[in-house]
Amino acid sequence: MTEPVVDQKPGRRGVRRVLLGAVLPSVVALGLIGGGVTYTVVTVSSADRTAPTRLWGETEKTARNDEDPAAALARGKAGTPLSKLLLPLPEGYEFGPDEELYGNDGELGAAEATALMKQAGEGLSGKKRRAFEKDIDGLGVEGIGVRSFADPESDVVVTFELARMKDKKQIKNSYRLRKGVMDALEFPKGPQVRGHRNAVCYTAPVDGSLDKEERAAALEEMVCLAYDSEVLVTLEAAGAKPFDKARVAKLLTQQLDHIASPGEYV
C-alpha cells in the first residue's frame, strides 16, 4: 500500500479531509479489527470470571517440561506461530469478554483476515473501493491474532491484535501510515512505550458534541500502534475514567518483549 502524498497548501482542514476520505478506511482495516472494546468493557464487571478462555483446536503441546500443561494453556493458546507471539495472560489480569467472532483468544487465517479487512471499504465508491481492495490484496496478510484481557480492579479491557504479512516492508509502511493519520487528526499522545522506539500510544480526543454530563459518563479510550520485524501490533484499551494508561502501555512493552522472545512467558 503506497503512502499518499498529502497537499499541505489547503491548510489543516484540507489535510483532514484528504485523510478521512482516502486513508482512514485503510487505517481501520489494518488495525482495531477486533472492535467492540468500548462495548465489551461495560460488561466486564458482570462477566463470568470463573469460565476459562475459549481454547480453539486440539490440545496443544506447548508447555515446558517443568510446567503444568493446563496452567500453560490457561495463559493463552500457543499452538500456532502467530498465537505464540501473542502476550500470555499477564499477572493481575483475566481474559476479557469475547471479541465478536474471535472469542477472547482467536486467530484468523489469510483468507478470513483479508476478507474482513476489505469490509472497511464498504462505504467507498466503486472505483475507490476496488483500489482499496487491491491495496489490501497487496499487503499479503498471512493472518491476524486477537487476544483480550480485563483488569478486574479497574474494569479496563485491553485487546491486542497482531497482523503478519508476507511483505515485511509493508509492516513498517503500514505503521507509518497509521501513525501519520493519527498525528494529522491530532489525537492526543498517550504514555511512552519504554524501550521501544517503534511504538506510540494515543488517547481518544474529547467528543465536542457531548454535554458535560455525557462527557463525565463516557469511557476513556487509548490506542497504541507498534511494529516488529515479524508483525504489526495494535493495542486498544477502554475503561471508566480515569484508568491507568501507563499500566496499559507497560502491557505493550511486555507484548513487544514477548515477540522478541516468544519462548518465554513474561
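Which residue forms a salt bridge with lysine 245? Its partner is glutamate 220, and the closest N and O atoms of the two are 2.9 Å apart. A salt bridge here is a side-chain nitrogen of Lys or Arg within 4 Å of a carboxyl oxygen of Asp or Glu. This pair links distant parts of the chain, with lysine 245 in helix α9 and glutamate 220 in strand β6 (residues 220–227), 25 residues apart. Helices (H or I, at least four residues) and strands (E, at least two) are DSSP runs, numbered from the N terminus. Both lysine 245 and glutamate 220 are buried, where buried means under 20% relative accessible area, exposed over 50%, and partly exposed in between (1.4 Å probe, protein chains only).

A word on the background: this is a predicted model, in which local features need pLDDT of at least 70 and side-chain atom pairs count only at pLDDT 80 or more, while totals for chains, interfaces and linings use all residues. Residues are numbered from 1 along each chain as its sequence is written, and side-chain values use heavy atoms, leaving out hydrogens and water.

Helix α9 (residues 245–260) turns up again with arginine 247. That side chain meets aspartate 151 in a salt bridge, at 2.4 Å from N to O. Aspartate 151 sits in strand β3, so the pair ties together parts 96 residues apart in sequence. Aspartate 151 is buried at 6% relative accessible area, whereas arginine 247 is partly exposed at 30%.

Strand β3 (residues 141–151) also holds arginine 147, which pairs with aspartate 105 at 2.8 Å between the closest N and O atoms. Aspartate 105 belongs to strand β2 (residues 105–109), so this bridge joins parts 42 residues apart in sequence. Arginine 147 is buried at 1%, and aspartate 105 is buried at 1% too.
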